[in-house]
Amino acid sequence: MKRANKANQAAEPVEGRGPAKGNVTRPTGPRTPSRTKCPSAGLEGVRAAASRDKDLRLTALLHHVDVDLLRVSYQALKPGAAPGVDNVTWAEYGTKLEARLADLHGRVHRGAYRAKPSKRVRIPKPDGRDRPLGIASLEDKIVQKAVATVLAQIYEVDFLGFSYGYRPGRSQHNALDALYVGLWQQRINWVLEADICGYFDTISHEWLMKFLEHRIGDPRVLRLIRKWLRAGVLEAGQWSKTTEGTPQGSVISPLLANVYLHYVFDLWANQWRKQQATGDVIIVRYADDFVVGFQGRTEAERFLHELRERFAKFGLKLHPEKTRLLEFGRYAAERRRRRGQGKPETFDFLGFTHYCGKARKGGFSLKRRPMASRMRRKLKEIRAELRRRMHWSRSAQGEWLDSVVQGWMNYYAVPDTCPLVERFRTEVIKAWRRTLHRQSQNGHRKWTWNRMRRLADFWLPRARILHPYPTQRLIVSTQGRSRMR
């Protein structure tokens, strides 16, 4: 029997999340009575109203964007973030913070606020292409953060359990845990690995505003969102108009992107699962990357066909190279062996390659390992940076490498990956040894492997698993005393 997700009850085991209540992290109010207004006091009413009636359009929202919430939003921004087209930094804006926030608040509420274009920067992607990012001006970031805080009270009630990206209290590892448990516990034989082509750049403004109007009845908030969507981008001194998409990198873009896929994909896929599927179906989505598991191949192919038609209606397109249907699961290896085929195919999700393995007793075991391409790219970056830091002291190099290796392990050191974590650490040690050799002509005589191991053991963290098994973490996060329950 399929277990369909419902937003108003505990999520199914494959999604590993509790009901929406408590998922949003809110600013903590004063511990004692005072004249200081708590920025989150009125937001509880917004959340309660949205919870009581899922069809309610909230018509009075902008008044929650007060000076206190603007101040909290300013403090939540990254102080070292790059400035936008206004060239105003976080520290510079804070020199006269209260006066500037009061002025900003007045302009927002009387309609005099004007959104500035985003500064376009491009960063290289692993496939050789560029990823365009939009850097908003500081005041735009503050107002966007405040509005996103208000709107999150509404949409955290509406979002379904299998949506994990850009949501408070949820992370990539929560999505990975849900996928692992779903593939392990449900009768899944086929997996659809999907990715949307240029998602943030192809969001239809017209459809997005229609979706927002389902829940937002305050025309002032809708007007603000239109201003941000139409502000355009500034690249190399040239302004260009934006007719679709939302700037990837802006503060409110993740929420808007989630709202769009909530209506385009989540609600449709959940209904498809409940009404059309006859076997088990699991869904895990993180932003524009999602994985769907099916019990039968016929249902998987029908879902993929109908999904393409659904996306085309809303201006979206599945990536032809990153979207594929593959046989996967408990019986995949045996079935492929009978047909004279090779090992089951693997698929990538959130930086990990998932593959069918064997347990110690010979049974099926779902395995994960860091994607080889990402591991190679990270090691290449470390080697290049070590060459730049070649003339730094050993202690400075060690401190930097310690933070890099620890950060990599914090994400990739999940169960069953200890050999690869050890391999990554070893490659870092080799790169460091080559750097130390170059510091002097006779360096190769000094840095023997025994001495290098002692240096690495002093500075670098040991290879170890830092994450519990997915089933254990899901139990804690959904049934224990957890803020994510």
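Which residue follows α9, and what is its phi? G232 follows α9, and its phi is positive, near 80 degrees. I'll come back to that helix in a moment.

Ground rules first. This is a predicted model, where local features need pLDDT of at least 70, side-chain atom pairs count only at pLDDT 80 or more, and totals for chains, interfaces and linings use all residues. Residues are numbered from 1 along each chain as its sequence is written, and side-chain values use heavy atoms, with hydrogens and water left out.

Now the overall picture. The protein has 18 helices and eleven strands. Helices (H or I, at least four residues) and strands (E, at least two) are DSSP runs, numbered from the N terminus. There are 485 residues, and 49% of them are buried. Buried means under 20% relative accessible area, exposed means over 50%, and partly exposed is in between, with a 1.4 Å probe and protein chains only. The accessible surface is about 24000 Å², by the Shrake-Rupley method with a 1.4 Å probe; for residues, only the protein chains shown count as cover. Carbon and sulfur atoms account for 49% of that surface.

Next, contacts, meaning heavy atoms within 4.5 Å. Take those between residues at least 6 apart in sequence: 72% of them join residues at least 24 apart.

Back to α9. The helix covers residues 219-230, twelve in total. From first C-alpha to last, α9 reaches 16 Å, close to the 16 Å expected at 1.5 Å a residue. The expected span is 1.5 Å times one less than the number of residues. Which residues of α9 are buried? They are V221, L222, L224, I225, W228 and L229. Looking down the axis of α9, these fall within an arc of 155 degrees, so they line one face of the helix. The arc is that of the directions from the helix axis to the C-beta atoms. The cover over that face includes α4 (97-110), α5 (138-158), α8 (205-213) and α10 (253-275).

The N-terminal end of α9 is capped by D218. A side-chain oxygen of D218 lies 3.0 Å from the backbone nitrogen of R220. That is a polar contact: a pair of N or O atoms within 3.5 Å; within protein, one must be able to donate a hydrogen and the other to accept it, and residues adjacent in sequence count only if both atoms are side-chain atoms.

At 27% relative accessibility, R100 is partly exposed. Leaving out residues up to four places away in sequence, R100 touches E92, Y93, G94 and T95. A polar atom of the R100 side chain lies 2.7 Å from the backbone oxygen of E92. R100 and E139 are 39 residues apart along the chain, and their C-alpha atoms are separated by 9.4 Å.

On to α14, residues 394-412. This helix has 19 residues and reaches 26 Å from first C-alpha to last, close to the 27 Å expected at 1.5 Å a residue. Its buried residues are Q397, G398, W400, L401, V404, V405, W408, M409, Y411 and Y412. Down the axis of α14, they fall within an arc of 170 degrees, so they too line one face. They pack against α6 (172-185), β10 (352-358), β11 (364-370), α13 (372-388), α15 (418-438) and α17 (449-459).

Now the rings. How many aromatic pairs are there? The structure holds 26. Rings of Phe, Tyr and Trp (its six-membered ring) pair if their centres lie within 6.5 Å; planes under 30 degrees apart count as stacked, over 60 as edge-to-face, and the rest as tilted. Y155 and F159 are stacked, at 5.9 Å centre to centre and 25 degrees between the planes. Y155 is buried at 0% relative accessible area, and F159 is buried at 4%.

W268 and F303 have ring centres 5.2 Å apart and planes at 40 degrees, so that pair is tilted. W268 sits in α10 and F303 in α11 (residues 297-313), 35 residues apart, and the pair links distant parts of the chain. Y199, F200, W207, F211, Y260, Y263 and F314 are linked into a cluster by ring pairs.

Last, two loop residues with positive phi. A287 has phi near 60 degrees and is not a glycine. A287 is in the loop between β6 (281-286) and β7 (289-294), and is buried at 8%. D416 has a phi of about 80 degrees, again not a glycine. D416 is in the loop between α14 and α15, and is partly exposed at 34%.
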